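This briefing goes through strand pairing, salt bridges and surface patches, in that order. Please keep the sequence and the model open while reading.

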Amino acid sequence: YQKGYFKQYLNIDGWQQESYLDNDFYNMPITPVLDGRGDQAVVDLEIDGRSVKIRLWKLQVGRIPLYLLDSSHPANAAQDRRITAELYGGDTDLRIRQEIVLGVGGARAIHLMGLWPFVYHLNEGHAAFAALERIRQSMSTYRVPFDVAAEAVAGSTVFTTHTPVPAGIDLFPVELVERYFKRYMESLGMTVQDLMDLGRENPDDTTSPLSMAVLSLRLSRGVNAVSKLHSVVSRKMWRRVWPHVDEEDIPIGFVTNGVHIPSYVSKEMADLFARYLGDGWIEEPDNEKIWSRVYKIPHDEVWRVHETRRERLVAFCRRRLLDQKRINGRFVPDKRVVRAYLNPEALTIGFARRFAPYKRAGLIFSDPDRLLSIVSDKRRPVQFIFAGKAHPRDHTGKELIKKVVQQSRQEGFRRKLVFIEDYDLNVARYLVQGVDVWLNNPRRPMEACGTSGMKAAANGALNLSVLDGWWPEAYDGTNGWAVGGRDYEDPVYQDKVEAEEIYDLLENEVIPLFFDRGPDGIPHHWIEMMKHSMAKVCVHFNSHRMIEEYMEDYYVTAGLAHQILGENRLARAKELRNWKHKVRSLWKDVKILDVSLPAGDRVALGEDLGVTAAIQLGHLSDVEVVVDLCYGPLGKDSETITKRDLTVMISQGRQSDGVWKFTGTVPCQETGVYAYRVRVLPFHPCLVNPLSLSLVAWG
Ligand SMILES: *Cc1c(COP(=O)(O)O)cnc(C)c1O
């Protein structure tokens, strides 16, 4: 974006102000992408009947080229030059134009540069039009209909959903889609209605808007959430996209986010790692053996590094506070006054993130008197550092910032509670490298993952966090503190209970442990906990492990689908489309006629329960379906199967016209009352997920 995201400063009342500075692309580490003639490469788009030129830039990030799309081409109309001016700058009309540039423009840019990737990974729905553009290109190259091209494109597309917060999902009303996609769809021999059908949660509801998330879900065969808990939430959230599928079967998996540890670890801590862990912590951060070496680092060395970084953080905050006050004109700059802010030896608790209301920045102020007594203990000094931006149009988020600032000016809190303006990567690094405790209290289950706690852990900070996002996967009782973890009906009650849990933890565990010093002045038990946190968090919550999981669970499958479906001018995509068409029309005849237990329903522990099913497949054959035997302990309601397991039933051939016999076994490894159910799903070797058709027959 020409102006990037905004710079934040606060007025006298603590109300967020935004300023937008122009980025000078010629003084940034980006270079123009050149075409064959040596000019800057340009992608041509048609938006609202006008021709729009998009310039291409490249930023080399380590080994990864990052390409940037820029609509500020001088040949463009003024309103088009503004499309990439600022993030979150306008209304839905600007938003859809931005997403046309990103999606349609992005797909064209990749091909213009001669790149033909096997796998396209859409992060959040914003780039969903890229899948549409790839379908369009494929239709014209291979002269195939939309649904054939869509099979090939969807097979090679991975979609990651990043938020359960509805405001994070782009919705476009039909009039807007008409305006920008009428000609585009007509050029494919289709209508805007066809596009709306793809992107509506319920295609029968013709008044509902186009959801970029739904469009992405329908045009990707690999779908994932960004933590285990988030996948549960996402399956519930998107269950209507797979109407006949049980919630737990909805094909949304998860790859929990990770951070690139070398980018967030302080220089001092990195030196310590190099000395005691070897270089492996950079090249093989998912190796448990390497991280277990943190236990060998002498306590005094860990503590010296950590105290250095805390001092560095305090000095940084004092500099920033001096600048903030100077700009506010509230204050004659005086280094002596600023020197009284924060204490380099106090237990330092950091809270920095976007001020989205669900992150509950104000939670710690629920009981100001209790907080006051926590920060007032002269023998055990405790201080808080806050930072974060609110979305420019989020009034509630701005109120929260104001609340923090007002609180920080109250007698008793002054100098012990500060708000650092203009949270960005630089502020984030100082904070995660210098704090003792990283506080995270989102309203469960709204946090999809969260990553700042991982950055803090890599630097030896301890997480005090609500069991939301990534924390349920990481917390093990030794490596930090956990708050909440239950579901609440009443958010007001949830706030009250969880705020009290936080105060209790601070008063009874965190503060006593931090000030429990040995004769050498070092908090040995605290350092033990820092080591547990470093060893157990870093080894899993790093980007190396994350990329490996994407590779193994998603990219390889998508890349294979790309090759197989694309072969021979989409021959297999055509076959798959025809087969789906056939199965959809014949599925009404699929019925489970009879399920029996030839050897009875009582089995001894360790034996197998044999199950036989007679299944009517009509005009389908036994190789076109997969029959699953689902089993597990019977729930208290005598209806549901808890902790469900699956085995596949084997065809024993045709019994009579259109009826097939299948057999399978349930292993009985535990005593109790068990239940089992038989289900039939369609099967084709090119089908990435048998549940993606939403066709299921239960017995
Ligand atoms: C890591 C980081 C974030 C994301 O943190 P969450 O814990 O996911 O909220 C946001 N902003 C900056 C500057 C960061 O460094």
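The points below are grouped by topic and refer to a predicted model. A search of the whole structure finds 50 salt bridges, and a few of them are described here. The strand section covers an open sheet of four strands and the pairing around β25.

**The four-strand sheet**

- The order of strands in this open sheet is β7-β8-β11-β12, and the pairing is parallel.
- The edges are taken by β7 (120-123) and β12 (253-254); each has a single partner strand, so one side of each is left without a neighbour in the sheet.
- Between β8 (residues 157-160) and β11 (residues 222-225), three bridges are found, in the parallel sense.
- V158 has G222 in β11 as its bridge partner.

**Strand pairing around β25**

- Strand β25 (residues 674-682) is joined by nine bridges to strand β21 (residues 625-633), and the two run antiparallel.
- Within β25, Y676 is the residue that stands opposite Y631.
- β25 also pairs with strand β26 (residues 697-698), again antiparallel, through two bridges.
- The bridge partner of V680 in β26 is A697.
- In a regular strand the side chains alternate between the two faces of the sheet.

- Side chains of opposite charge can pair when their charged atoms come close.
- R275 and E301 form a salt bridge, with the closest N and O atoms 2.9 Å apart. R275 belongs to helix α10 (residues 267-277) and E301 to helix α13 (residues 299-328), so this pair ties together parts that are 26 residues apart in sequence.
- K359 and E447 form another salt bridge, whose closest N and O atoms are 2.9 Å apart. This pair links distant parts of the chain, 88 residues apart: K359 is in the loop between β13 (347-352) and α15 (368-375), and E447 is in the loop between β16 (437-440) and α18 (452-458).
- K359 is buried, with a relative accessible area of 9%, and E447 is buried as well, at 8%.
- In the salt bridge of D377 with R380, the closest N and O atoms are 3.4 Å apart. D377 is partly exposed at 22% relative accessibility, and R380 is partly exposed at 27%.
- One network, made by salt bridges that share partners, joins D48, R50, D80, D93, R97 and R179.

**Surface patches**

- V61, I64, L66 and L68 make a nonpolar surface patch of about 330 Å².
- The most is given to this nonpolar patch by strand β6 (residues 64-70), with three residues.
- V61 is found in strand β5 (residues 50-61). At 45% relative accessibility V61 counts as partly exposed, because that class lies between the cut-offs of 20% for buried and 50% for exposed.
- A negative surface patch is formed by D194, D197, D204 and D205.
- Of these residues, D204 is located in the loop between α6 (192-199) and β10 (210-211). D204 has 69% relative accessibility and therefore counts as exposed.

Key. Residues numbered from 1 in each chain as written. Predicted model: local features only at pLDDT ≥ 70, side-chain atom pairs only at ≥ 80, totals over all residues. Heavy atoms only, no water. Patch = residues over 30% accessible without salt bridge, like charges linked within 9 Å, V, L, I, M, F, W, Y side chains within 5 Å. Areas by Shrake-Rupley, 256 points an atom, 1.4 Å probe, with all protein chains shown as cover. Salt bridge = Lys/Arg side-chain N within 4 Å of Asp/Glu carboxyl O. Lys, Arg positive; Asp, Glu negative; His and termini not counted. Charge placed at Lys NZ, Arg CZ, Asp CG, Glu CD. Buried < 20%, exposed > 50% of the residue type's maximum accessible area, 1.4 Å probe, protein only. Pairing = 2+ DSSP bridges.
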